[in-house]
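This briefing sets out the architecture of a single protein chain, from its overall fold to selected side chains. Please read the points below alongside the sequence and the coordinates.

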Amino acid sequence: MPCGPWALEARSYEGSGDLVVEVHDAAGFAGGRFSWAAAPDGAVCAPSAAAPRLTLDIREPGALWLGGGSAVRLAALGRVVEEEAGAAAVADALFRTSRRPWCPDAF
């Protein structure tokens, strides 16, 4: 996930749920299959051999991690693959934040 599974453990969550996510990284730095369980009191993300519910490229997790992106929208665009129906909606529910990400600086 963004810079590694620890990034999913470092952020806060408003809801609870779990997913097994497969991340493809052509450069070989951050790809793999990860079991991710999140709740308001914390999250755990670790390598997993379980079947993935969601598959995506390393380009996608950063936008989702900030809470402003949508896995459902990325699935509709073909950039995220739901290996199990409804997995993108679970990711959206977990990543959703009550405040949208915002940066006052223009890049």
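Axes are lines fitted to C-alpha atoms, for helices over the stretch in contact, and angles run from 0 to 180 degrees between N-to-C directions. This is a predicted model, in which local features need pLDDT of at least 70 and side-chain atom pairs count only at pLDDT 80 or more, while totals for chains, interfaces and linings use all residues. Residues are numbered from 1 along each chain as its sequence is written, and side-chain values use heavy atoms, with hydrogens and water left out.

**Overall fold**

- The protein has four helices and five strands; helices (H or I, at least four residues) and strands (E, at least two) are DSSP runs, numbered from the N terminus.
- Along the sequence these elements follow the pattern α-β-β-β-β-α-α-β-α.
- The radius of gyration of the protein is 13 Å, close to the 13 Å that the globule rule gives for 107 residues, so the protein is as compact as a globular protein of that length. The radius is taken over C-alpha atoms, and the rule is 2.2 Å times the number of residues to the power 0.38.
- The C-alpha trace spans about 40 × 30 × 25 Å along its principal axes.
- Buried residues account for 36% of the 107 residues, where buried means under 20% relative accessible area, exposed over 50% and partly exposed in between (1.4 Å probe, protein chains only).
- Among contacts (heavy atoms within 4.5 Å) between residues at least 6 apart in sequence, 58% join residues at least 24 apart.

**The sheet**

- Five strands form an open sheet in the order β3-β2-β1-β4-β5, with mixed pairing; two strands pair if DSSP finds at least two bridges between them.
- The edges are β3 (42-47) and β5 (80-82), each with a single partner strand, so one side of each is left without a neighbour in the sheet.
- From one strand to the next, the twist averages 25°.
- Strands β1 and β2 run antiparallel and are joined by seven bridges.
- Strand β2 (residues 32-39) is also antiparallel to β3, through six bridges, and a hairpin of two residues joins β2 to β3.
- In this pairing, Trp36 stands opposite Cys45 in β3.

**Helix α4**

- Helix α4 lies across β1, β2, β4 and β5, running at about 110° to β1.
- Within α4 (residues 87-95), the buried residues are Ala87, Ala88, Ala91, Asp92, Leu94 and Phe95. Seen down the helix axis, they fall within an arc of 165°, so they line one face of α4; the arc is that of the directions from the helix axis to the C-beta atoms.

- Glu22 belongs to strand β1 (residues 17-24) and is buried, with a relative accessible area of 18%.
- Arg33 in β2 stands opposite Glu22, and their side chains make a polar contact of 2.6 Å. A polar contact is a pair of N or O atoms within 3.5 Å; within protein, one must be able to donate a hydrogen and the other to accept it, and residues adjacent in sequence count only if both atoms are side-chain atoms.
- Glu22 and Phe34 are twelve residues apart in sequence and 6.4 Å apart in space, C-alpha to C-alpha.
- Beyond four places in sequence, the contacts of Glu22 include Pro52, Leu54 and Thr55.
- Thr55 lies in strand β4 (residues 54-57) and counts as buried at 11% relative accessibility.
- The side chains of Thr55 and Glu83 are joined by a polar contact of 2.8 Å.
- Not counting residues up to four places away in sequence, Thr55 touches Glu22, His24, Val80, Val81 and Glu83.
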